[in-house]
Amino acid sequence: MTFEQLMDYAIEQDCSDVHITVGTNLAVRRYGVLHILDERPTAEESLAMIYTILSNEEIARVEAGEDVDLGLMIDNEIRIRANVYHQRNNLACSIRLLMAQIPEFEDLGLPEVVKSMATAKSGIILVTGPTGSGKTTTMSAIVDYINKNEAKHVITIEDPIEYIYPHNRAMIHQRELHRDTDSFASALLSSLREDPDIIYVGEMRDFETIAAAITAAETGHLVLATLHTCGAAQTINRIIDGSPADKQAIIRQQFATNIRGVISQLLLPIKDGTGRILATEIMIGTTAIKNLILEDKIQMIHGTMQSSRSLGMHTLNEDLIRLYKEGFLSYQTIADATYDLQDLEKTLGLNKPIGGAY
């Protein structure tokens, strides 16, 4: 099997990820489930597949013992994100297949309120969720919406660049970590001198990046960023608790002032096995939410979101229950996905243990 044949198979089977490991079988991830294929290329064939996507410079880095992240277009149709790494004295490669076209909000199942967030003049919007939950795709839809509707200057800082945005109404400059800049934090600070309206940060990984993002928001920019957290409350705690103890008070105040919204999401398998569907939690930075953050009453945010549905907010459980009642998700799926099982069971009026028939 050639690399091209492997990609054709993955696209045909609607796979999200492909794994090539020298010395063993190929593998793919489909609808969140990993499948080991019968195909077992020779070591030379596996290396040839991996080297197909690498430049001469990247091959030299890999052969010198480095891991390499990259994003590229294959066949002018599908864009991929790949990581080439070393394991057991051999090479391996994990490839994420991205959508051929940047999706619309409606295609993803994102709530309409996200469009309102995207038109904010300043502040911070966070898209959160575990690995593989579609954060990058959601963020790309937000950037694309801005590109089509707002005359703005957008700077993205990505690792690696995944989707390419042609100039439309907006002007978009994309910077890739390790190619165009040394770090998210330095690129953020540099971007403040580049006349941006909007700055998209691929991931807020450390305090330096968090602090730089908040500084950018405070100086009148809209900052878009992702985090590997589940739920609005955990996201807020991660931002504040991840800061040095002597900085937490000021970070709390700055974050409360500048937060515009948190979109927390999961991609879950549809009950009939035909794909996956998006479940979301939406928190909007209203005055009530800001005050709870300032007063360190994060545990009360959940209740405020429940009572603010008219403003576009909802909890993850509310969306899980909606998808369950509409027939998309099984009970076991939503029970596994929730971070508050007791609340889920209480809302559904169920007392049966997990594993029972629903």
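Trainee: Which residue in β11 does Ile-125 stand opposite?
Mentor: Leu-224. Keep in mind that this is a predicted model.

Trainee: What makes β7 and β11 a pair?
Mentor: Count the bridges. Two strands pair if there are at least two bridges between them. β7 and strand β11 (residues 222–227) have six, and they run in the parallel sense.

Trainee: How do you know that β7 pairs with β12 too?
Mentor: Apply that cut-off of at least two bridges again. β7 and strand β12 (residues 259–269) are joined by five bridges, again in the parallel sense. On that side, Ile-124 stands opposite Ile-259.

Trainee: What holds paired strands together in general?
Mentor: Backbone hydrogen bonds, in either a parallel or an antiparallel arrangement.

Trainee: Why is β7 called largely enclosed?
Mentor: Buried means under 20% relative accessible area. Six of the six residues of β7 (residues 123–128) are buried, so the rest of the structure largely encloses this strand. Gly-123, Ile-125 and Val-127 point one way, while Ile-124, Leu-126 and Thr-128 point the other way.

Trainee: Now Arg-252. Is this residue counted as buried or exposed, and why?
Mentor: Its relative accessibility is 15%. The limit for buried is under 20%. Therefore Arg-252 counts as buried. This residue sits in helix α10 (residues 248–258). Leaving aside neighbours within four places in sequence, its contacts include Ile-240, Asp-296 and Ile-298.

Trainee: Why are α10 and α11 given a direction label, and which one?
Mentor: The two helices pack at an angle of about 175°. Angles over 145 degrees count as roughly antiparallel. So that is the label for α10 and α11. Their axes are 9 Å apart.

Trainee: Which residues make that contact?
Mentor: From α10, Arg-252, Gln-253, Phe-255, Ala-256, Thr-257 and Asn-258. From α11, Lys-290, Ile-293 and Leu-294. They divide into four nonpolar, three polar and two charged.

Trainee: What makes the six-stranded sheet open, and which strands are its edges?
Mentor: Follow the order: β3-β2-β1-β6-β5-β4, with antiparallel pairing. β3 (33–36) and β4 (68–74) each have a single partner strand, so one side of each has no neighbour in the sheet. Those two strands are the edges.

Trainee: How many bridges join β1 to β6?
Mentor: Five. Strand β1 (residues 15–21) and strand β6 (residues 90–97) run antiparallel. Asp-17 stands opposite Arg-96 there.

Trainee: Which strands does α3 touch?
Mentor: Helix α3 (residues 56–63) packs on the sheet and touches β4, β5 and β6.

Key:
Residues numbered from 1 in each chain as written. Predicted model: local features only at pLDDT ≥ 70, side-chain atom pairs only at ≥ 80, totals over all residues. Heavy atoms only, no water. Helix = DSSP H or I, 4+ residues; strand = E, 2+ residues; numbered from the N terminus. Buried < 20%, exposed > 50% of the residue type's maximum accessible area, 1.4 Å probe, protein only. Contact = heavy atoms within 4.5 Å. Axes fitted to C-alpha atoms, helices over the stretch in contact; angles between N-to-C directions. Parallel < 35°, antiparallel > 145°, perpendicular 65-115°, else oblique. Nonpolar A, V, L, I, M, F, W, Y, C, P; charged D, E, K, R; others polar.
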